[in-house]
Amino acid sequence: MKELLDRLVEQMVAGGIHFEDGRREFERRFISRVLSETGGHLSRAAEQLGVHRNTLTRKLTELGLKASKPSRKR
């Protein structure tokens, strides 16, 4: 993973991507992926991300993301 990240950072720097833009896009994609894997369940996603549920909710707002409502199994 370290090599992949090193190459990505190298490409981003060479491409003139600002730190804040890269960080924001990384967070958006990382959180979106975890939310998808948890079926939109905020508590499970927060646990998997290692953050408090309120922190995740705040991040969703900051990043302009919406959590889909978890599907209920009957």
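Biologist: Which exposed residues does the face of α4 turned away from its buried side carry?

Modeller: This is a predicted model. In it, Asn54 and Thr61 are the exposed residues on that face of α4.

Biologist: And which residues of α4 are buried?

Modeller: Leu56, Lys59, Leu60 and Leu63. Because they span an arc of only 105 degrees around the axis, they lie on the same side of α4.

Biologist: Why do residues three or four places apart in an α-helix point the same way?

Modeller: An α-helix has 3.6 residues a turn, so residues at that spacing point the same way.

Biologist: What do the buried residues of α4 pack against?

Modeller: They pack against α2 and α3, the latter being residues 42-49.

Biologist: Which residues make up the largest nonpolar core?

Modeller: Ten residues form that core: Ile31, Val34, Leu35, Leu42, Ala45, Ala46, Leu56, Leu60, Leu63 and Leu65. At least two of the core residues come from each of α2, α3 and α4. Val34 is one of the ten. Leaving aside residues up to four places away in sequence, Val34 touches Ala45, Gln48 and Leu49.

Biologist: Now the charged side chains. How many salt bridges are there?

Modeller: To read one, look for a side-chain nitrogen of Lys or Arg within 4 Å of a carboxyl oxygen of Asp or Glu. The count by this rule is eight.

Biologist: Where in the helices are Lys2 and Asp6, which meet in a salt bridge?

Modeller: Both are in helix α1, residues 2-14, and because they are four residues apart, about one helical turn separates them. Lys2 is exposed, at a relative accessible area of 60%, while Asp6 is partly exposed at 42%.

Biologist: What separates Arg23 and Glu20 in helix α2?

Modeller: About one helical turn, since they are three residues apart in α2, residues 19-37.

Biologist: Lys59 was listed among the buried residues of α4. Which side chain does Lys59 meet in a salt bridge at 3.3 Å?

Modeller: That of Glu62, N to O. The two are three residues apart in α4, residues 53-63, so about one helical turn lies between them. On burial, the cut-off is under 20% relative accessible area. Lys59 has 16% and therefore counts as buried, whereas Glu62 has 36% and counts as partly exposed. Salt bridges that share partners link Lys59 and Glu62 with Glu20, Arg23, Glu27 and Arg58 in one network.

Biologist: What follows α4?

Modeller: Gly64, and its phi is positive, near 70 degrees.

Biologist: Where is Ser68 placed?

Modeller: Ser68 lies in the segment after α4. With a relative accessible area of 47%, Ser68 is partly exposed.

Biologist: Which residues does Ser68 touch, not counting those up to four places away in sequence?

Modeller: Gly39 and Gly40. For a separation along the chain, take Ser68 and Leu42: they are 26 residues apart in sequence, and their C-alpha atoms are separated by 9.2 Å.

Terms used:
Residues numbered from 1 in each chain as written. Predicted model: local features only at pLDDT ≥ 70, side-chain atom pairs only at ≥ 80, totals over all residues. Heavy atoms only, no water. Buried < 20%, exposed > 50% of the residue type's maximum accessible area, 1.4 Å probe, protein only. Contact = heavy atoms within 4.5 Å. Arc of directions from axis to C-beta. Core = buried A, V, L, I, M, F, W, Y, C linked by side-chain atoms within 4.5 Å.
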